[in-house]
Amino acid sequence: MGGDFIVHRIGPDQFAELALSSKAPIRLGERCTVFMERDVNSYMQRGAEKADLVAGLACSVVYNYINRVVRGRRIGKCIFFQGGTAYNDAVAAAFAAVTGKQIIVPPHNGVIGAIGAALLAREQMKQARGPADLDLADQRPTPRGDNREGQYVRQARQKTSPPVSRFRGYDLSKVSYSLREFTCNGCSNACRIQEFTVEGNKTYWGDKCSERFRHRTKRPVEPVTMDLMAMRQEFLTDDSNVAQPPTGAVTVGIPMAMFAYEQLPFWRTLLRGLGFATVLSAPTNKEIIQAGQDAVVAEPCFPIVVAHGHIACLDRDDVDHILVPNIISAEEIPSDVELHLCPWHQTLPFVARSAPALTETANKFMSPQVHFSDGPAAVTGELVRFFRPMGLKRSKIRSAAAAAFEAQQTFKRKCLTAGAAALDVLKRTARRGVVLVGRPYNIHDPGVNLAVPRKLRQYYGVDCIPQDFLPTGDVDISKINNNMYWSLGRHVLAAAKIVGENPNLDIIYITNFKCGPDSFVKHFTKPAAGKPFLTLQFDGHSNDAGIMTRCEAYLDSKGILRPRTRPQPQQQAVVT
Ligand code: SF4
């Protein structure tokens with residue numbers, strides 16, 4: 001469980017004992033305990049009893065689970081509590097106290113899930129290869145000496161090549177292994193890799209990409225649609241129709257983060273039209289993320305951290321200015337509600353400026369304030385007010401702004417046209433597609449999302465459709481939420497509604513841990529789509545192995561990886 005910080009202080013054995021001695025657990029909310037360290041420290045400074053704090057943490061685990069996982073579904077009378085967390089008596093007691101139900105912790109609670117997974121795998125293998133070919137009796141250990149590799153190898157009964165089990169048996173602790181650590185120089189991530197050699201077989205851990213050290217089974221299906229992710233990147237960065245800057249022009253760096261993942265055509269066309277040369281920051285990489293982590297002072301969401309890194313790295317590129325616009329609202333779409341960007345996004349120039357590491361860099365900031373929801377005429381007026389003092393003519397600014405709006409519209413049109421074609425192909429071929437919903441800087445920045453969207457297509461042949469390839473601007477979401485004031489939230493719910501109207505579409509929601517608006521919007525996504533969806537949260541810490549496993553489970557439950565062989569439970573999967 002989370003809350004390792006306190007477990008480290010008091011020791012795991014004492015945790016349950018202390019918690020069970022508490023008469024008044026402190027209510028610590030229902031956030032994951034990973035995020036509670038600061039609250040706990042503050043209570044301790046104010047003299048709170050350790051026992052009450054520890055009991056409060058146990059209760060938080062329960063409230064978190066009930067409110068974020070169970071989410072109003074019916075809870076039965078008798079509850080089996082399994083998994084590693086069930087070793088903690090305090091959490092089991094907290095479940096009993098909060099739910100008022102009987103809680104049973106079965107023996108071997110820590111491995112019951114693994115046993116269940118093994119049984120399901122056996123069933124799948126039987127179905128794939130025929131029942132005669134899989135019998136647990138055949139899985140008895142081959143005596144050492146009979147098998148040079150020391151593995152348990154099932155004897156072949158048929159002439160077809162036999163499946164080989166990689167199960168190493170229950171004496172794993174006696175198996176000899178060696179460990180080598182090295183840094184992978186395959187890309188700028190420079191992952192620290194651990195190479196385990198177990199009886200001649202090597203396995204690798206620590207890579208962020210899963211590309212260099214893992215062999216994937218060949219996917220059984222190929223996508224039928226065009227690669228919309230790659231296509232979007234091409235549309236976004238294409239500057240073939242944008243005016244070229246004059247020699248020796250003043251340079252403006254554009255951080256490839258946040259607004260740029262949606263509005264690059266607008267801003268680049270505007271700046272070039274004004275006579276500036278534009279420089280894009282490098283794709284998000286480990287160095288940029290580290291620079292962002294070093295610079296931030298508050299605790300913003302991961303994309304804002306990454307944006308700080310891009311700004312810092314652009315400064316090192318020695319550009320004359322850095323574009324960090326103060327965007328209050330994202331676009332003009334028909335709505336009775338006033339639409340806003342998230343406060344972190346709106347205030348990025350001010351937040352970045354206040355970071356001590358960026359104080360000097362901030363002198364280069366170019367931060368026009370714009371309200372896109374007020375329409376092109378109002379935005380043009382705002383741009384005139386900002387750029388006139390720089391000695392630029394009003395007419396030049398107006399014509400650059402007009403070209404910028406046209407470039408942005410062209411980008412949108414291209415995406416929608418390609419999206420309509422993709423939906424048509426899926427319909428004609430009776431294939432399922434997965435709509436990727438979320439914020440463009442989460443969906444389309446492979447440095448943020450570990451390139452998972454691309455891997456869905458490459459590894460599993462998934463036909464991915466990013467939400468901006470769907471006509472979300474035309475969808476009425478008032479019956480789902482009549483006060484959705486987050487503009488991107490409207491698009492997410494509109495995309496979910498489109499998914500609900502198309503039986504061959506499913507959803508993967510790509511977000512990050514600390515995104516406030518998404519934590520709100522997610523609650524309405526399932527009602528909008530009328531079907532469960534997978535949430536992937538990225539925070540810059542994880543490698544992709546666990547995330548890909550969850551994707552596989554989700555795709556399998558949807559019959560996308562392989563045809564369904566049994567009815568699947570309707571559950572929302574949440575990756576944390
Ligand atoms: S919307 Fe979410 S991800 Fe975007 S800036 Fe706000 S908190 Fe961060």
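Q: Which residues does Val 462 touch, not counting residues up to four places away in sequence?
A: Val 462 touches Pro 223, Val 434, Leu 456, Arg 457, Leu 555 and Ile 560. These are contacts because heavy atoms lie within 4.5 Å. The model is predicted: local features need pLDDT of at least 70, side-chain atom pairs count only at pLDDT 80 or more, and totals for chains, interfaces and linings use all residues. Residues are numbered from 1 along each chain as its sequence is written, and side-chain values use heavy atoms, with hydrogens and water left out.

Q: How do you know whether Val 462 is buried or exposed?
A: Compare its relative accessible area, 2%, with the cut-offs: under 20% is buried, over 50% is exposed, and in between is partly exposed (1.4 Å probe, protein chains only). Val 462 is therefore buried. It sits in the loop between helix H17 (452–460) and S13. Its C-alpha is 6.8 Å from that of Gly 433, 29 residues apart along the chain.

Q: How many helices and strands does the protein have?
A: There are 20 helices and 16 strands. Helices (H or I, at least four residues) and strands (E, at least two) are DSSP runs, numbered from the N terminus. Of the 576 residues, 47% count as buried. Among contacts between residues at least 6 apart in sequence, 71% join residues at least 24 apart.

Q: What makes the largest nonpolar core a core, and how many residues has it?
A: A nonpolar core is a set of buried Ala, Val, Leu, Ile, Met, Phe, Trp, Tyr and Cys residues joined through side-chain atoms within 4.5 Å. The largest such set here has 107 residues. Trp 267, Leu 270, Leu 383, Phe 387 and Leu 456 have the most contacts inside it. Helix H14 (residues 394–429) gives the largest share, 10 residues.

Q: Why is this core said to lie between domain 3 and domain 4?
A: Both domain 3 (222–230 + 412–557) and domain 4 (231–405) give residues to the core, so it lies between them. The domain bounds come from an automatic or database domain assignment.

Q: What is Leu 270 in contact with, leaving aside its neighbours within four places in sequence?
A: Its partners are Leu 383, Phe 387, Ala 400, Ala 401 and Ala 404. A second, separate core has 25 residues, including Ala 19, Val 62, Ile 66 and Val 91.

Q: How do you know how the span of helix H13 sets against the expected one?
A: The expected span is 1.5 Å times one less than the number of residues. Helix H13 (residues 376–387) has 12 residues and reaches 16 Å from first C-alpha to last, close to the 16 Å expected. H14 has 36 residues and reaches 53 Å, close to its expected 52 Å.

Q: Which residues of H13 are buried?
A: They are Val 379, Thr 380, Gly 381, Glu 382, Leu 383, Val 384 and Phe 387. Their cover includes helix H8 (260–273), strand S10 (365–366), strand S11 (369–371) and H14.

Q: How many residues surround the ligand, and what makes a residue count?
A: The number is 13. A residue counts as near if one of its heavy atoms lies within 4 Å of the molecule. Cys 301, Cys 342, Tyr 441, Asn 512 and Cys 515 are the closest. Helix H10 (302–316), helix H11 (343–346) and helix H19 (516–529) each give two or more residues to this shell. Domain 3 and domain 4 each supply at least three.

Q: How do the residues of the shell around the ligand divide?
A: Nine are nonpolar, three polar and one charged. Ala, Val, Leu, Ile, Met, Phe, Trp, Tyr, Cys and Pro count as nonpolar, Asp, Glu, Lys and Arg as charged, and the others, Gly among them, as polar.

Q: What sets Met 258 and Ala 430 apart in phi?
A: Most residues other than glycine have a negative phi. Met 258 has a positive phi of about 45 degrees, and Ala 430 one of about 55 degrees. Met 258 is in the loop between S6 and H8.

Q: Are Met 258 and Ala 430 buried or exposed?
A: Met 258, at 3% relative accessibility, counts as buried. Ala 430, at 71%, is exposed.
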